[in-house]
Amino acid sequence: MGGFFAAALKNDCMFDLFFGTDYHSHLGTRRAGMAVFGKEGFDRSIHNIENSPFRTKFESEMKEMHGNLGIGCISDYEPQPLIVRSHHGTYAITTVGKINNTDALAAKIVGTGTHFLEMSGGNINATELVAALINQKDHLIEGIRYAQEEIDGSMTILVLTPAGIYAARDRLGRTPVIIGRKGDGYCASFEAFAYQNLGYATERELGPGEIVVMTPEAVTTLVNPRREMKICTFLWVYYGYPSSFYEGVSVEEMRYRCGASMAKRDGYDGENADIVAGVPDSGTAHAIGYANASGIPFSRPFIKYTPTWPRSFMPTIQEKRNLIARMKLLPVHELIDGKRILLIDDSIVRGTQLRETTEFLYQSGAGEVHVRPACPPILFGCKYINFSRSTSEMELIARRIIREEEGEDVEREVLTDYANPDSDRYHEMLERIRKQLGFTTLSFNRLDDMLDAVGIGRDRLCTYCWDGKE
Ligand code: SF4
């Protein structure tokens, strides 16, 4: 996915920009960058952060770059921010989102005599494509709106100009933009917690499709928010950092409620488990919620080795991801031996890691492993925010099982039936997943319970990956 931070201050913003961007490191693993504008004009730096964290890579920039307006990003895909010289003047741009119609948009733009420079791995840099769309219009705001309307997918955009920073939340608010305020200016952030230790207080969250311009003096709305919203539910379930909130709802508290609703559906006995454990770190809060509601003690039968894995570094090659995931986890045999463990993770995507974790628990002496994912089976690949863990639908374990049962071409109604937790197909699918992954029992959180755990109204939440509803 990716995250961003922007600051518009009366004084130099580099300190805030450096730490504010660094606080988004859980949202991306590939590239990071910062761009500033000050007395000496624009300055920009981009680094590969695949093997080294943001702070290490950008230490020297923190001292060398200067300016009072700045944008920074952590990116799972293309290098950014980009600096663009256009009829709008020079600006820096960073984006978070997904473009599904890249080829059609690129063909349209190339047809106007424009070319693309920033190819990454043979593909057009998505942020450059957004800039090219913006440059199709006479006015910057008109261009930002045009880009958001033309893109099939979702796009949140930050544009840094000498006159201020334009922040445009995607049209359906799939990802957040939150404004913080302190004595000498403002910030705009994906994650709310990113600015709290930097002295900002929350000013407000932008609405879906809202566009503002941020200067050290004010944040002014240029395009009013739309009513309709489809914010990503996965932000609460998995993506968001526990200390964050979206639409005023705490991530950590939502996860407790998810755990509590699963305990309730289990009749609070959790198959009479001896302990409740979360897969670190994504299942921990859900597990605390389950343990608190059921009275079954929360325990940590395996611990993540953080001294040399200080961040959630994940290589992009699948075999290495699994190996690294295994190397990070260390068992506490005394807590596993002979125990009936109720194990919670945020979700099951491919199933490989949870199968290996379960095998590792059995090898370490566990008697039973009851698995409770905190969200329903994922049936559809994300079309909106580049949900990095499900690149292809057929990699999803639920879809693989459905293919085994129904063949290649599955009708939509059949998939809808598989998404219904009260259908026979759903229960057959669960049983096959359980057997393939070697769990003692398996029960997923229900969609209605998960949406209630967010509590902002079901029609305001994106549920596409679970029910395919657009
Ligand atoms: S499809 Fe899933 S991951 Fe993508 S925006 Fe919707 S809820 Fe989030």
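Strands are DSSP runs of E with at least two residues, and helices are runs of H or I with at least four, both numbered from the N terminus. This is a predicted model: local features need pLDDT of at least 70, side-chain atom pairs count only at pLDDT 80 or more, and totals for chains, interfaces and linings use all residues. Residues are numbered from 1 along each chain as its sequence is written, and side-chain values use heavy atoms, with hydrogens and water left out.

Start at serine 154. Strand S9 (residues 153-161) holds this residue. Serine 154 is buried, at 6% relative accessible area (buried is under 20%, exposed over 50%, partly exposed in between, with a 1.4 Å probe and protein chains only). Contact here means heavy atoms within 4.5 Å. Beyond its neighbours within four places in sequence, serine 154 is in contact with Val96, Gly97, Lys98, Asp170, Arg174 and Tyr384.

Now step back to the domains. The assignment, which is automatic or from a database, gives domain 1 (2-229) and domain 2 (254-467). Their centres, taken over C-alpha atoms, are 33 Å apart. Domain 1 brings 20 residues to the contact and domain 2 brings 15.

Buried area is the accessible area (1.4 Å probe) that two parts lose on being put together, summed over both. Between domain 1 and domain 2 it is about 1,500 Å², with 48% from carbon and sulfur atoms. Lys98, Arg174 and Met229 supply 35% of the area that domain 1 buries against domain 2, more than any other three residues.
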